[in-house]
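Here are a few exercises to work through with the model open in your viewer. Try each task before you read its solution.

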Amino acid sequence: MKITLSRSLVVAGVAAVAFTGCLKEGSGVSTSHASSAPAASVAATVVAPPSARPALPDFSALVEAVGPAVVNISVTSVQKAVGESPFADDPFYDFLRRFGIPAPGMPGGGGGGGNAQPRITQGIGSGFIISPDGYVLTNAHVVADASEVTVRLTDKREFKAKVVGVDRRTDVALIKIDAKDLPNVKMGDAERAKVGEWVVAVGSPFGFENTVTAGIISAKSRRLPDETYVPFIQTDVAINPGNSGGPLFNLNGEVIGINSQIFSRSGGFQGISFAIPIDVAIKVKDQLQQHGKVSRGRLGVQIQGMDDDLAQTFGLDKAKGALVASLEPSNGPAAKAGIEAGDVILSVDGQAVGESADLPRLIGEHRPGDKVKLEIWRNRATREITVTLDEMPGEKGVAQAIDSKPGGKLGVSVRELTAQEASQLNVPGGLVIENVAGAAAQAGLQAGDVILAVNNHRVGNIAEMKQRIDSAGERFSLLIQRGQNRLFVPIRLK
């Protein structure tokens, strides 16, 4: 049977849950055997007095203290219906639709699928409040594609949440609810956590809110397939669908991780679960809160792992570091700094690269433009090289609706261009329109247009655009880029 790593988010449809009693297995000893056993063998059974038994922790005080800061998250997502036209994302399809011309997948246009309706799905997850003003941490896979996010507190209050940002590479998301004086968690130090110590998870498995499970840390710094940025904490705490995004506490009531994944044959808990260390999550949170996305440094090398045979051929005393297999084009950071194929990267700013999987995380913790010192092994000797990092191609930021205070709703949802998109368009920055309605739609703006300026003032982020529109009055112009063309579009707010 295939073993799969599965995210713990349940997408609600119809879930059948079977509740089964625990049946005690037969011991293999019949009553007649027990009754005829010699008295001496019975007397040989020694039971330790209660005072000599190891004491198990009582989690009740901990749960009472931290429980109010753990929240239930429910999400609604709208997906394209099966049968929707495969041309629906094509600009020409949109052109035909706008002018009422039948096209494949449209009524009268052939191809079928014209009556297909969007499919609405529901999901559940968990999260925890990190500040009294309503910031909540959870998993990216819980809220990334949601059209609506609802947060439910332990006191039964419900809030619509705004997704501040998501980072799929670490599976961390930051959301915000409009509330004050909220209970919030205390942060711990995942580095100081020890294998074998007790930990507690609180979450909403299968929608059962504020469920508490406990176990121990089974291992640290676990590397999972395709997960190069997170050194996971492995536990045997029972984690099930709906626990995703919930906190992992130590016995001091401090959060040391975010429950994220399970290792399972069945999709349910089987004794192995993984949490994102809280120090990794906080670094991501800080960038999401400030910029709405995460920017990571890029070195520009292809690497491979070292084994004993390779280490001996390179003259290393043991297998360690990341072997540079190839370089990206000559304009990459590594190539500019003089790194060569065959170099072994041993450390980054003094932090050892114990294995090749350490390098992406250590480089990714730096921002574009940072200078890092690499210790490398070349020709059976160490040397130091300083590299100026550029930006890792990022994910798309979260689209935000833009409202104008003076004149009402502009009617666009925008996100900031990634560095790669800006480079392709040869612009310093801008905002790409994700959805359009209202005054913007009436003016002819379209999804995919890139807003470069408001009243000829450049805008590179959402805050700048809001500020320019708020001060522009009821009439202003937007400079947009559509494909390879630029044009000014007049906007009139009503």
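**Exercise 1.** Work out where Asn72 sits, whether Asn72 is buried or exposed, and what the side chain of Asn72 makes a polar contact with.

*Solution.* Keep in mind that this is a predicted model. Start with the strand: Asn72 belongs to S3, which covers residues 70-79. Next, check accessibility. The relative value for Asn72 is 10%, and the cut-off for buried is under 20%, so Asn72 counts as buried. Now look at the neighbours. Leaving out residues up to four places away in sequence, Asn72 touches Gly125, Thr150, Val151, Arg152, Ser204 and Glu209. One of these, Ser204, also has its side chain in a polar contact with the side chain of Asn72, at 3.2 Å.

**Exercise 2.** Say how many aromatic pairs the structure holds, then describe the one formed by Phe232 and Phe274.

*Solution.* The count is 2 aromatic pairs. For Phe232 and Phe274, the centres are 6.1 Å apart and the planes make an angle of 70°.

**Exercise 3.** Find which rings have Lys176 and the charged end of Arg296 over them.

*Solution.* Take Lys176 to begin with: it lies over the face of Tyr135, 5.4 Å from the ring centre. Then turn to Arg296, whose charged end sits over the ring of Tyr229, 4.9 Å from the centre.

Technical notes
Residues are numbered from 1 along each chain as its sequence is written. This is a predicted model: local features need pLDDT of at least 70, side-chain atom pairs count only at pLDDT 80 or more; totals for chains, interfaces and linings use all residues. Side-chain values use heavy atoms; hydrogens and water are left out. Helices (H or I, at least four residues) and strands (E, at least two) are DSSP runs, numbered from the N terminus. Buried means under 20% relative accessible area, exposed over 50%, partly exposed in between (1.4 Å probe, protein chains only). A polar contact is a pair of N or O atoms within 3.5 Å; within protein, one must be able to donate a hydrogen and the other to accept it, and residues adjacent in sequence count only if both atoms are side-chain atoms. Contact means heavy atoms within 4.5 Å. Rings of Phe, Tyr and Trp (its six-membered ring) pair if their centres lie within 6.5 Å; planes under 30 degrees apart count as stacked, over 60 as edge-to-face and the rest as tilted. A charge sits over a ring if NZ of Lys or CZ of Arg is within 6 Å of the ring centre and within 35 degrees of the ring normal.
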